[in-house]
Amino acid sequence: AWLVHVSKVWTKVMQNLTAYSSSSDEDELTGIEIRPTVSSIEDNGTVCATGQRTSGAYTCNTSIKGYVSKRKATASSVSMDMPCKPTEGSQLMAVKEYLSSTTDGPEVKRARKAYGIPRTTRIVLSEHSKPTMDIHWHPFQSQLLLSASLDGTVKLWDANEKGKCIATYHHHGSGVRAARWIESSKVVSGGYDKCCKYVNIETGQIISSFDHTGFVTSLNAHFGNKDMIVTGDINGNVQSWDLRSGRKTGQFLGAGGSILSIEFLHNGKEFIATSDIVRKNAASQAVVVWDIASTAVLSNQVYIEPYTCPCLKAHPEEPYILAQSNGNYIVLFSSNRPYKLNKYKRYEGHSVEGFNVGFDITPDGRLLCSGSADGRIYFYDYYSSKLLKSVPLGKSPTLAIAVHPSLQTTVAVSNWIGSVSILD
């Protein structure tokens with residue numbers, strides 16, 4: 001009885017499959033998807049959305065195009081045309097055109113999985129007259145690069161083959177130390193005029209300003225809350241700000257000297273900051289971790305060696321933090337409590353020598369790129385801490401490093417004379 005039942009079920013399944021395949025072949029010949037709301041198809045390829053089935057042609061007021069394959073539709077929708085060149089003096093128009101252009105072309109998508117070390121300098125951006133302290137790629141537009149310099153300007157670059165400057169912003173009265181993207185069309189920057197500026201780069205207008213009691217030496221934008229930033233000044237003050245109201249929302253105590261770097265941890269619930277303080281019994285004020293909500297100090301015993309750390313980065317894939325040390329190496333420690341230092345892994349070979357030398361990590365977390373006081377850029381394997389290659393860029397110390405978020409083999413490097421090199 002069981003075998004008879006199984007045979008009946010199998011026969012019924014085969015009949016349904018045969019009927020489905022015949023209806024699918026019929027649909028492919030018409031080139032139009034059959035839906036319950038569509039009642040009929042005319043001989044000329046139009047679809048009637050309301051009508052009764054009859055033996056002849058069908059009348060309909062609504063028509064759609066014939067069938068187009070996915071490959072042809074994708075090929076026709078992708079456009080590689082760059083925005084047209086703006087007229088002289090229309091920087092804001094040029095910024096709007098770049099921000100409204102397509103984000104990533106096919107060549108960017110093909111290279112996302114590539115892994116390699118940049119070997120040559122493709123282009124040099126050299127319009128800054130003083131050291132370029134900070135650089136950042138646009139999070140969505142693959143060709144846009146932001147730079148902040150001690151000449152008091154923030155520049156927006158088109159980092160393609162020609163490498164032209166799209167716009168220059170003179171919102172600060174003194175040197176600019178740090179700048180960050182906020183969303184896609186806004187930038188926050190801070191510097192030696194004791195102020196942070198929140199600017200709309202499309203219109204060039206200042207949305208809000210944040211006054212400090214000392215020089216702004218570091219800032220970072222909260223990646224979970226787009227309306228929140230954390231800043232640090234030369235007096236050791238660490239503060240959080242609301243970009244919508246322009247008000248201070250938190251004061252974090254415990255740092256000893258000038259704040260050098262700020263990095264968020266655990267989806268923005270905590271953050272870590274380093275300060276420029278070297279004196280006896282002051283190791284507890286050099287690297288401090290705070291809780292965002294309560295402003296309480298979570299740990300001040302992270303890095304107790306007698307060196308300052310000018311740069312911090314959280315690893316994109318693993319629960320670790322990397323810190324550039326003035327002891328001429330990059331140190332690794334856990335991002336979970338108690339933030340234990342890894343004493344057996346260091347990235348050595350480059351030199352810091354008191355400069356604000358930075359580093360960056362590729363999005364897949366496998367390659368470490370560090371600047372150096374000898375004018376070279378050093379590439380390390382993250383897992384083995386082995387020095388893979390060093391590329392000379394001149395005699396001037398290399399400062400800020402920015403790995404492209406999509407093209408892992410493209411790296412931007414700034415130096416002490418103010419130029420920015422793009423390596424491929």
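This is a predicted model: local features need pLDDT of at least 70, side-chain atom pairs count only at pLDDT 80 or more; totals for chains, interfaces and linings use all residues.
Which residues have the most contacts inside the largest nonpolar core?

1. Numbering runs from 1 along each chain as its sequence is written, and side-chain values use heavy atoms, with hydrogens and water left out.

2. Back to the opening question: Ile272, Val302, Tyr303, Val331 and Phe333 have the most contacts inside the largest nonpolar core, which has 17 residues. Such a core is a set of buried Ala, Val, Leu, Ile, Met, Phe, Trp, Tyr and Cys residues joined through side-chain atoms within 4.5 Å. Strands β18, β21 (320-325) and β22 (329-334) each supply at least two of its residues, and β22 gives the most, with three. Strands here are DSSP runs (E, at least two residues), numbered from the N terminus.

3. Now for the rings. The whole structure holds twelve aromatic pairs. Rings of Phe, Tyr and Trp (its six-membered ring) pair if their centres lie within 6.5 Å; planes under 30 degrees apart count as stacked, over 60 as edge-to-face and the rest as tilted. Phe264 and Phe271 make a tilted pair, 6.2 Å centre to centre with 55° between the planes.

4. Phe271 also pairs with Trp290: the ring centres are 5.2 Å apart and the planes sit at 25°, so this one is stacked. It links distant parts of the chain, with Phe271 in strand β17 (residues 270-276) and Trp290 in strand β18 (residues 287-291), 19 residues apart.

5. Gly232 is buried, at 0% relative accessible area. Ile259 is 27 residues away from Gly232 in sequence, yet their C-alpha atoms are 5.2 Å apart. Leaving aside residues up to four places away in sequence, Gly232 touches several others, including Phe215, Asn237 and Ile262; contact means heavy atoms within 4.5 Å.

6. Finally, two charges sit over rings. The charged end of Lys345 is 5.2 Å from the ring centre of Tyr382, while Arg346 lies over the face of Tyr329 at 4.1 Å from the ring centre. The test is NZ of Lys or CZ of Arg within 6 Å of the ring centre and within 35 degrees of the ring normal.

Key. Buried means under 20% relative accessible area, exposed over 50%, partly exposed in between (1.4 Å probe, protein chains only). Helices (H or I, at least four residues) and strands (E, at least two) are DSSP runs, numbered from the N terminus.
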